[in-house]
Amino acid sequence: MKCACATNYNTVRMMADTGSEEIAVIGNTDLTPSELENNIKNTMVEKGTTLLKRMEISVAEAEKRTGKNAVSMQETYTVYLIETRAVDAASEGANPAPDSLWRRYSEFELLRNYLLVTYPFVVVPPLPEKRAEFVWHKLSADNMDPDFVERRRVGLENFLLRVASHPVLSNDNIFYSFLTQEQSWKEVVFETGFQAKADSRLKALNATFRVKNPDKRFAEMKHYGDELQSVISQLLRVRARVADRLYGVYKVHGNYGRVFSEWSAIEKEMGDGLQSAGHHMDAYAASVDDILEEEEHYADQLKEYLFYTEALRAVCRKHELCQFELEMAAQDLTSKKQQREELATGTVRTFSLKGMTSKLFGQETPEQREAKLKTLETQIEDGEEMVKEKNAECEEFVKNAWVDIERFKEQKDRDLKEALISYAIMQISMCKKGIQVWSNAKECFSKM
Amino acid sequence: MMSGTVVDSSSPTAAAPDDISGSVLELDEDEDLEVFSKDTNFMDGSSLNTSMQTSPGSMVNQYKFEEEEEQSDTKDIFVTVDNPESHVTAIETFITYRVLTKTTRSEFDSSEYEVRRRYQDFFWLKCKLEEAHPTLIVPPLPEKFVMKGMVERFNNDFIETRKKALHKFLNRIADHPILSCSEDFKVFLTAQAWELASHKKQGPGFLSRMGDTVRAVAATVRGVRNRPEEFNAIQDYVEAFSQKMTSMDKITQRIIKEQKEYLEEMKECGPIYTLWSGSEEELVEPLKMMASCLDRCCRDSEEHTQYLSSNLLPILHEYVLSTETLKAVLRRRDNIQAEFEAKNEALATKKTDSEALKEEIDKLEDKLEWANNTLKGDWSRWQKSMRSDLKAAFTYTAEKNMEYYEKCLAVWESFLLSQRTEASEGGDRDES
């Protein structure tokens, strides 16, 4: 590892802070009285268990509210009811009413941003989409549409459950408060000072830089994330078009229903058969609505992983950033060491402006040189410390991040396999319905 | 073969053939289902250049109905249309079709005939039959003109569809107790090209045909005074039925279109899953299986749509066309009645020459009675035919739909099976 000075002390501090502070929460028993009050249990979670094992969490309802926004304009928004209940309480037979509070989507976003900044080595679960995308034409893209709101409610619950079952995230205090503290939660979040970290993180992640020795695994993972994103996007687009077409096929059959009904009026022997067959055609046409609603659920499962790729990419980027800073620090240290060597031996091995100017305008005095050397020595010492720190940070990050990536991979394989299976089950159900309807129709025809 | 005497249409005083309705074409339901399934295979076999099965046994299933249930097979004439060929001359390009006939009827000199006919010839036959039997319901021909121009006319699908329709046309005539005995029909089936041409030149000349037309037009203008109620009922029915059939035709075309578009989109799914499997490790098998299942479902969907196009749609379309025939038949009947009524009125006003006129009126009265009876008889026959045809077509469509869904069901169940097998091999997994 080369040694160099750190270029950005803020980033260093951020790394140091997040490295030590939050992880220290786990197993930290130094709680303030207020925090104690807010806990259901008096003892904090031991490392390795998740909140979900102790607490039932659900997003039970959604409601429309109107109010004034930041710029004093009237707005309508939706709030979601988060219900929590201790698992023990339920098993004790008492079955108390759950605690509950209302949260807006923007508060979920705030929570997630906090988690992203605070745990950069975690592939943070995504939120359901803000605006309806990849919709087929009969499905509303309106955020206020009740079906959209309902699917969002499910998505938000899913988000909370994923966080609550995460070995690291579930132990976070802010998350816990999100679930339980009705008042002033926002203030508490802002007090953590994460906003400043968020801004610098955003800037750093969006900057372009080249890393000389990235960890191969992370590079591969990032590439995988890109591929997954691309393939799921394609799938969602095609699925939306297929849904459109399927809708068309089923609905046109409704016309058979209408015509059979009219036709039956002019027939004697065939009348009854036609009439009842017509009803089945109507039923067939109507059945597509349920079918497509179930299909929407499959699309939502895919969407979750589409959004997960962003989180995955962010972790890989973070690794690159760490690595880049380490390389910068090492590079800086090397150049400082080189300067020292040149100064000490009086030879100029590499071109430097200082060297040239001193050649042109005469050598420095020995005292000046001594002073310079001394400064350089200090800088080199600091630089070596810096590189050591950065190295340790990088290693720590890589270790933690890779653990979470492995966890994510297993989860992803499990979930997507389940999703494919549930898609197949859905198709089977659709086929069975089709067989039933046409079997009924056939019977009617046979009575014609 | 119909029992009783062959009715000679040129002598209106002959007894009304009231046993037409008697020769009820009792269609056994199961037989009909067989008809369609075998029919399809049969027609598929007779495409542009394959030699087709020509044994009477295979022809039996074509368009079969029994007059008496004890007799297994009373059909004694089998006609097929196949083998379209393109002919290019200096003036025009046209298609001829091979018409194959096998028969045991005594009126035919031979038991097997093979001729080539073009659409014009079929049209000629239809006109002759309508001329000879103005109040019989002659089966419909596929449309004469195609709106879209030359290219469409020689499109393979168009030729195939027309060929099947012409086949149906001839078979319906062959099955008709009266029409099948027509001399023109016999000539059509047996004559060589030059013989047919020469036969066409015979018969009522141009002027006499003109005379008929003028009389017909005059009759139309005059109108019918007292149309019997039953024919009013038939008229109303035909009007409504025509509308319904047109709707059914349009709806079916629309369904086919939507299904084709659905298939186009579905075809893109499989490849994406295959592409995805390239990035995965654990998920490779399920993703590949997914792609394979989707491809299989696409093939099933394609087959299903093909069935609708080649079976359900043609029969609906045929009945749309037949309503035109029905309307024409009713009009002709009306004309006969109008002519009779006119002469009657003339008798009331004229004082001289009443004997000759009376004789004419008597003839017309007989003609009218005969026309009404043949129409009633054939109408009843047409209705039964329509009911059984459409019932069979819809039933079979329902079965095809069930078959499609059953195939897809099997595909997806195989997917589940493959995943469960993998899981049990791989170790513990919750089976939900």
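Hi everyone, let's start where the two chains meet: 54 residues from chain B and 53 residues from chain A take part in the contact. Before I go on, please keep in mind that this is a predicted model.

So how much area is buried between chain B and chain A? About 5,300 Å², and carbon and sulfur atoms give 74% of that. There is a polar side to this interface too. Between chain B and chain A, 16 residue pairs are in polar contact, counting pairs with both residues at pLDDT 80 or more. Eight salt bridges are found across the interface. One to look up on your screen is the salt bridge between A:Arg241 and B:Glu268, where the closest N and O atoms are 3.4 Å apart.

Which helices of chain B supply at least two residues each to the side that touches chain A? They are α9 (229–266), α10 (269–277), α11 (284–349) and α12 (354–426). The largest share comes from α12(B), with 20 residues.

Let's stay in chain B and turn to helix α6, residues 183–190. The buried ones are B:Asp184, B:Phe185, B:Val187, B:Phe188, B:Leu189 and B:Thr190. As for what lies over them, the cover includes three strands of chain B, β1 (77–88), β2 (93–103) and β3 (112–118). It also includes the helices α3 (119–132), α5 (156–175) and α7 (193–201) of chain B. And if you zoom in on the start of α6(B), you'll find a side-chain oxygen of B:Ser182 within 3.2 Å of the backbone nitrogen of B:Asp184.

Now over to chain A, which has 12 helices and three strands. Of its 448 residues, 47% are buried. Looking at contacts in chain A with a separation of 6 or more, 78% are between residues 24 or more positions apart. The accessible surface of chain A is about 22,400 Å², with 51% belonging to carbon and sulfur atoms.

My last stop is a pair of strands in chain A. Strand β1, residues 55–68, and strand β2, residues 74–86, run antiparallel and are joined by 13 bridges. To find your place along the pair, look for A:Glu61, which stands opposite A:Leu81 in β2(A). Together β1(A) and β2(A) make a hairpin, with five residues between the strands. In that turn, A:Ser72 has a positive phi of about 60 degrees.

Methods: Residues are numbered from 1 along each chain as its sequence is written. Chains are lettered from A and ligands numbered from 1 in the order in which they are written. This is a predicted model: local features need pLDDT of at least 70, side-chain atom pairs count only at pLDDT 80 or more; totals for chains, interfaces and linings use all residues. Side-chain values use heavy atoms; hydrogens and water are left out. Buried means under 20% relative accessible area, exposed over 50%, partly exposed in between (1.4 Å probe, protein chains only). Helices (H or I, at least four residues) and strands (E, at least two) are DSSP runs, numbered from the N terminus. Contact means heavy atoms within 4.5 Å. A polar contact is a pair of N or O atoms within 3.5 Å; within protein, one must be able to donate a hydrogen and the other to accept it, and residues adjacent in sequence count only if both atoms are side-chain atoms. Two strands pair if DSSP finds at least two bridges between them. Accessible areas come from the Shrake-Rupley method with a 1.4 Å probe; for residues, only the protein chains shown count as cover. Buried area is the accessible area (1.4 Å probe) that two parts lose on being put together, summed over both. A salt bridge is a side-chain nitrogen of Lys or Arg within 4 Å of a carboxyl oxygen of Asp or Glu.
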